[in-house]
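Dear colleague,

Please find below the structure for your attention. My findings on its aromatic residues and its core follow.

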Amino acid sequence: MCGIFAIYSKKTFHINFLIDILDKLIHRGKDSFGISFIQKNNHNIDSLKSINKINYYDKNVYNNLSIAITHNRYS
């Protein structure tokens, strides 16, 4: 089983919002995670993925997101 979440918003949001969602979906998969997103002014798809626990971002590196999809993987 896996946990999947997607969002499209006219308002921008910070990547920590998506990390909170992944924390709430942790029961659906603990093996790895992935986040793909589009920043409002960039229009390129960026991705973060890892087999480790996801960390919160203190910096404003990813704070202007408008479209994103996340997943937790359970093998």
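One aromatic cluster is formed by Phe5, Phe13 and Phe17; rings of Phe, Tyr and Trp (its six-membered ring) pair if their centres lie within 6.5 Å, with planes under 30 degrees apart counted as stacked, over 60 as edge-to-face and the rest as tilted. This is a predicted model, in which local features need pLDDT of at least 70 and side-chain atom pairs count only at pLDDT 80 or more, while totals for chains, interfaces and linings use all residues. Residues are numbered from 1 along each chain as its sequence is written, and side-chain values use heavy atoms, leaving out hydrogens and water.

The structure holds three aromatic pairs. The ring centres of Phe13 and Phe17 are 5.7 Å apart and their planes stand at 65 degrees, so this pair is edge-to-face. Phe13 is buried, with a relative accessible area of 10%, whereas Phe17 is partly exposed, at 35% (buried means under 20% relative accessible area, exposed over 50%, partly exposed in between, with a 1.4 Å probe and protein chains only).

Phe37 and Tyr62 also form an edge-to-face pair, 5.0 Å centre to centre with 65 degrees between the planes. Phe37 lies in strand β2 and Tyr62 in the loop between β3 and β4, so the pair ties together parts that are 25 residues apart in sequence (strands are DSSP runs of E, at least two residues, and helices of H or I, at least four, numbered from the N terminus). Both Phe37 and Tyr62 are buried.

In helix α1 (residues 15-24), the buried residues are Ile15, Asn16, Leu18, Ile19, Ile21 and Leu22. They pack against β1 (3-13), β2 (32-39), β3 (45-50) and β4 (65-73), contact meaning heavy atoms within 4.5 Å.

Yours sincerely
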